[in-house]
Amino acid sequence: MSGTHGFAAQPAKRRPDRAVLRSLRRQIDALGGCGARHGTVALGIVEIDRHLPWGGLPRGCLHEILGDKADGAPLAFTAHLLALLSARHAGPVLWLSARGGLYPPGLHTFGPEGAGAWTARLLAVRARTPGRPISEQRGAGHRNLIWALEETLRTRGPAAVAAEVGQLDLVAARRLQLAAEEGGALALVLREAAKDDAAQARATAVTRWHVQSAPSASCAWGGPGAVRWRIELLRCRGGAPRGWMVERDDETGAFAVVAALRDGSRHAHAAALAG
Amino acid sequence: MRRVLSLWLPRFATDRATRTRPLWRARPFVITRAEGGRLLVAAANARAESSGMTPGMTLADAQALVPGLLTLPTEPVEDARALLLLAEWCGRYTPWVASDGADGLFLEIAGCGHLFGGEDALARDLLERMARFGLAARVAVADTPGAAWALARFGAANPTLLGDGSYEGTMLAAALGPLPTSALRLSSAHVEELRRLGLRRIADIAALPRAALTTRFGPGVARRLDQAFGRDFEPLAPHQPAAPDRVRSAFAEPVRAREAIEAVLADLLGRLCARLAERGHGARRLDFALYRTDGTVATASVGTSRPSTDTRHLARLFAEKLDHLDPGFGADVIALAAPLTEAFAAAQTTHLAVYGGVSSATRGGLDVLAPLVDRLDNRLGAGAVARLAPVDSHLPERAVARRPPFAAAARRPAPWPARGPRPVRLFDPPEQVDAVAPVPDDPPVMFRWRNVLHRIARADGPERIAPEWWRTPAARNTSKTAPGLFPDSSSDSPDDARAPTRAAAADEGAATRDYYRVEDTEGRRFWLYRHGLYRPGAAPAWFLHGLFG
């Protein structure tokens, strides 16, 4: 049987039809069980929303947010997501942690203007073994936290569930993903970056983020400027990893991607243009 | 043999009111009730009665008699409840206490007199204690309730004791004869009719033939007469104590297997919840006890955040506790008790909505989570799930309090007071750091926290937060953690090898704090404060209180 020799003429490349792609994506989502069933939450940052295959974070799925323990940025990022979500979905928001420390007067400033009322629907769950101090919480306390998280995710009712866990092994992550699919809430798990994250070929979270604070541009008197974060999408099911530097507008509370200028500030750029 | 004590509280309504207002005892004071658009005097205290007030006159007339009269509206429900409490208290004399109208009690004291040194001593003891309560009282003891009633209200002496249980007719006739006819608990219409016929005393009626009385006045008068003289038995219905909410099952063979215990639990739950539901109550706390063959008891308890009679939900709560319940060689008796129950509020069916699907979840209320909250509370300890509510306090650690998730205030959330910029995470207690700062008021230029050095690039501040001078030092120190923000945290350090030192100031709450919002060279923002004002020669203590986003 003779085949083509060498480089036969390639068939003319056809641009993929966008509508076909979208419908295929929807079908895959329906099979894969996230996004289509429970809706999505747009992050409010245009570039990130455009990059994500669902146009936002899908509910009913597990999302991991990695960060450093000494950094408040992952917490604030989670608060921003919860504020956006609670503006559109009724339902209480649960936050599980072993050692607490959540401070609503600071949390409610994150999120779009006027969405601060989500802290009224917030229930803080202190998940640890009762009667034992924090230093002995390692084994049983962690198990209690994972158990509480699974129970909460499985319940239909909460709009979102956020949890601060130390480490998450593969089996637990898989169970939590199944529980989230059953309950339909937006599941956000905050944890520290583990050493074998990059090596984990079969990770189960639908998206994995890494949020850390970035130096802000000084304001006029030398104080800290607008909040600035480096958000990296490490892993996304159906999308490519990417990083952004975002800055918060103090008046509206919305985030925007900053242009990568020498000092990284769009305000300085605008000022330079003006004057 | 029967001995009945009648306790009459002639001014119960006013006495109850003056118990909480002792200064009104010496002044004329009446209780008013509204009738047909006018205010009438329902009851008057002793001072008012001596000034000429009588129940039934209008308030306007009464105020004309005594200007500056003190008045209170009538509270029949509260009076009835107080009388019920008094009846329960009288259980110290006898278990057989019945109420008698709105201002009296009947006590069956046959056989109880000797415990108090005789009936006379019992009656005097009762009078003395009533006087201590501030209640004017009259007591009479007789063989029948009718006679005791009459003597308490119309007898001369206080206390009056008559007879010895033998229903001696002549003694009763001699004692009751001189009393007016109203002492027989007749209606005022009958009394008036009798008076018009010239019959004013009981002796007059007792002499009449029975048939004539019955035809003229109906059976009521004759019956009262018979009851007073003991010819007709008048029963007294005592107050029953509420049956405890407890069900138990006993077994011929000891029960050991887990499945058997679960089945018994389901059966007991069904019986107990049915009994509670009849009363309109739900269980808030359940105690499950296995009485083992070796004489010991194994117990497990669960609590719920809302009253519940849902057996499936309660069985699920018990499921985790049954793992730790050791039946030993078997249980002979298994009991389930509900020590704490609560009446159902109007909107209770919402907790079942969680099994109903997504439509109920969109309601947005916290009620759909009641079963989940119960499970979390039972495994993680009571109070594990809490709503974070604002507390009006300048001190940041006291500005947030943990409240029960389903409290009524959850429906009207209060806004967070806008003070300065606040961090997203607060450390409780604040962690001490080593900071280098130019004196006296400048923000630090670098600080070391958890063995990591942070160089500060930008800083904002200071925000001065002064201690709450209106709280005593003892109160400041003991409750320096927010009342509720994990008050039982044992303040242990995080999992680091070398724990930072605790905030070890002598009087932590009393020093002024200057807060600085600082940003280090990597962009992380911290909330530091200097504890106390700068003093030359003393190194100031710096603490890290929170992280900004």
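Helices (H or I, at least four residues) and strands (E, at least two) are taken as DSSP runs and numbered from the N terminus. The structure is a predicted model, in which local features need pLDDT of at least 70 and side-chain atom pairs count only at pLDDT 80 or more, while totals for chains, interfaces and linings use all residues. Residues are numbered from 1 along each chain as its sequence is written, chains are lettered from A and ligands numbered from 1 in the order in which they are written, and side-chain values use heavy atoms, with hydrogens and water left out.

The interface of chain A and chain B is described first. The size of an interface is often given as the accessible area lost when the parts come together. Between them, chain A and chain B bury about 5,300 Å², of which 59% lies on carbon and sulfur atoms; buried area here is the accessible area (1.4 Å probe) that two parts lose on being put together, summed over both. On the side of chain A, the residues that lose the most area to chain B are A:Y103, A:R126 and A:W147, together 16% of what that side buries. With contact defined as heavy atoms within 4.5 Å, 63 residues from chain A and 59 residues from chain B take part.

Polar interactions also cross the interface. Twelve residue pairs, both members at pLDDT 80 or more, are in polar contact between chain A and chain B. A polar contact is a pair of N or O atoms within 3.5 Å; within protein, one must be able to donate a hydrogen and the other to accept it, and residues adjacent in sequence count only if both atoms are side-chain atoms. Three salt bridges are found across the interface of chain A and chain B, a salt bridge being a side-chain nitrogen of Lys or Arg within 4 Å of a carboxyl oxygen of Asp or Glu. In a salt bridge between side chains, B:R524 meets A:D68 at 2.9 Å, N to O.

The elements of chain A that give two or more residues to the side touching chain B are α3 (73–88), α4 (104–107), β5 (122–126), α5 (138–154) and β9 (228–236). The most is given by α5(A), with six residues. By class, that side of chain A has 33 nonpolar, 18 polar and twelve charged residues; Ala, Val, Leu, Ile, Met, Phe, Trp, Tyr, Cys and Pro count as nonpolar, Asp, Glu, Lys and Arg as charged, and the others, Gly among them, as polar. Strand pairing also links the chains: β5(A) runs antiparallel to strand β13 (residues 385–390) of chain B and is joined to that strand by three bridges, where two strands pair if DSSP finds at least two bridges between them. Within this pairing, A:A124 stands opposite B:A386 in β13(B).

Chain B holds 16 helices and 20 strands. Of its 549 residues, 48% are buried, where buried means under 20% relative accessible area, exposed over 50%, and partly exposed in between (1.4 Å probe, protein chains only). Among contacts in chain B with a separation of 6 or more, 61% come from residues 24 or more positions apart.

Helix α1 (residues 12–20) of chain B is mostly covered, with seven of its nine residues buried. The buried residues of α1(B) are B:F12, B:A13, B:T14, B:D15, B:R16, B:A17 and B:T18, and they pack against β2 (29–35), β3 (38–44), β4 (70–73) and α4 (76–89) of chain B.

Strands β10 (residues 281–292) and β11 (residues 297–308) of chain B pair in the antiparallel sense over eight bridges, with B:F288 opposite B:A300 in β11(B). The two strands form a hairpin with four residues between them, and B:G295 in the turn has a positive phi of about 95°. B:R292, in strand β10 of chain B, is buried at a relative accessible area of 18%. Residues up to four places away in sequence aside, B:R292 touches B:A298, B:D326, B:P327, B:G328, B:G330, B:A331 and B:D332.

Most residues other than glycine have a negative phi, and most peptide bonds are trans. A cis peptide bond joins B:N158 and B:P159, with omega about 5°; B:P159 lies in the loop between α6 (145–154) and β8 (160–161) of chain B. The bond from B:D428 to B:P429 is also cis, with omega near 5°, and B:P429 is placed in strand β15 (residues 425–436) of chain B. B:R185, not a glycine, has a positive phi of about 60° and is buried at 17% relative accessibility.
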